[in-house]
Amino acid sequence: MSPSMQLHPDRLFPADTAVRDIARHLHASIEHLPIISPHGHVDATLLANNTPFPDPTALLISPDHYVTRLLHANRIPLDHLRVGGTTTVTPEETWRTLCANWHLFDGTASGYWLTHELITVFGITDTPNAANADDIYTTITTVINTPQFRPRALMDTFTIEVLATTDDPLDTLEAHDTLANDPTFTPRVIPTFRPDAYTKFWHPTFPELATRLIDEAGDGHTGYDGYLNAIAARRHYFREHGAVSSDHGTHTPATLRLDRDEAARLFTKGINRTATRDEAYAFEAHMLYQQALMSLDDQLVMTLHPGVHRNTHRTTLNTYGPDTGHDIPFAVDYATNLAPLLNAVGTHPDFQLILFTIDETTYSREIAPLAGFYPSIYIGAPWWFLDAPDAMARFRAATTETAGFSRSAGFIDDTRAFCSIPARHDAARRTDAAYLARLVAEHRITETRAHEIIVDLVDAAPRRAFTL
């Protein structure tokens, strides 16, 4: 018989019994609050069409690079995990691979989320292994084929009140309109303007994308002027269709103000594929600066996600595509790189900027001090490799003493794995309850104040930072 899995009621709470009791009470006050998810990667079409999930593997393994990258690190080929649409093996075979290697996820955030999902969503309590893989697969298949497991129903089951998607600037946003105009669907699903492919010269289809952008939204202008007009027009289009933010996955946080002629010269080189790497970085930095100025007009909150070497393994990229687990973080400098932007709009009352990082050293060194001075800056939640219990605890300790709690932007799940959303938010809420409980136990804040703070972190902070 397989050993049982459990979600201990005191998971992620302090080991000290007195502090743990405080954490329990704090968590109880926010445990059932609705989920506000203002940044993520669930496809709005999935919800608009209410498309059934195809199978357990497609739901829980293949699209989740947190899961596939660790299996790959243990010499399991990505095609055996059906990554990038490969069909070398069946979904059942991929599921057996996960279960046979379940032990690899001990102590990981992925293991925490998967365990949470299996128990709370599917009612599975037997620890996965090679012997019970087929039985678990059958159980999950039965669940996902029920009407209660359609995506729209899960929005209610998971108590998701707000869910942001991440969208191409030329997306028609038809799926979002379908959801917004459906009186039977009450959650708020909002688009996010993500212009990365249109500002990076090294993107393989930048010339084609930029040309199409100008043709469709340049208002009759051509070249760099048409390009700027088109970016601004599409931002307004997103705003009119419910967007509250623009998201920028830049290489670094660099911002740069170029004069019009120099920017136009670089743009032409980008279109002609003759720009150097340094020129490409300069143009990207210039466009980040330009879009900060645009945000004063369209009121889209700017979120910044820099510091990642994308798609570092060329063979994997060519075979399986991007976002398949081989992105690697690097150290970044926020204060120097953001100086041009912050000197221009950092204290403007209509500007808001949420800073995310995968470089933990920047929390106490730069991000908290920046947010502790600039009224425009909010501290983004731990992201990607850092949205794990221990890293989230370090985040609170690194930022709170300098910037307090009021500069927090709340938690984001940043996920494509739909069923992991409740698990991720549960981990964040428990981690915050544990941190606040310690402050109470050390007589640094009162328990009454801790209750007010944790409600603010879960509910009011994301609404405030993302102007929801």
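Here is a short tour of a predicted model, with stops to select in your viewer. Residues are numbered from 1 along each chain as its sequence is written, and side-chain values use heavy atoms, leaving out hydrogens and water. Local features need pLDDT of at least 70 and side-chain atom pairs count only at pLDDT 80 or more, while totals for chains, interfaces and linings use all residues.

**Stop one: the cysteines.** Select cysteine 99 and cysteine 419. The structure holds zero disulfides (a disulfide being a pair of cysteine sulfur atoms within 2.5 Å). For cysteine 99, the nearest cysteine sulfur is that of cysteine 419, 16 Å away. Cysteine 99 is buried, with a relative accessible area of 2%; buried means under 20% (1.4 Å probe, protein chains only). Cysteine 419 is buried too, with a relative accessible area of 2%.

**Stop two: threonine 199.** Move on to helix H10, residues 196–199, where you will find threonine 199; helices are DSSP runs of H or I, at least four residues, numbered from the N terminus. Threonine 199 is buried, at 7% relative accessibility. Now show its contacts (heavy atoms within 4.5 Å). Leaving aside residues up to four places away in sequence, threonine 199 touches Phe206, Tyr227, Phe283, Glu284, Met287 and Gln291.

Finally, select Glu31, His116, Thr157, Phe158 and Pro422. Of the 25 residues lining the second largest pocket, these are the closest to its centre. A pocket here is an open set of points on a 1 Å grid over the protein atoms alone, where a 1.4 Å probe fits, with protein on both sides within 12 Å along at least five of seven lines; lining residues have an atom within 4 Å of a point. Helix H19 gives the most to this lining, with six residues.

Technical notes: Buried < 20%, exposed > 50% of the residue type's maximum accessible area, 1.4 Å probe, protein only. Helix = DSSP H or I, 4+ residues; strand = E, 2+ residues; numbered from the N terminus.
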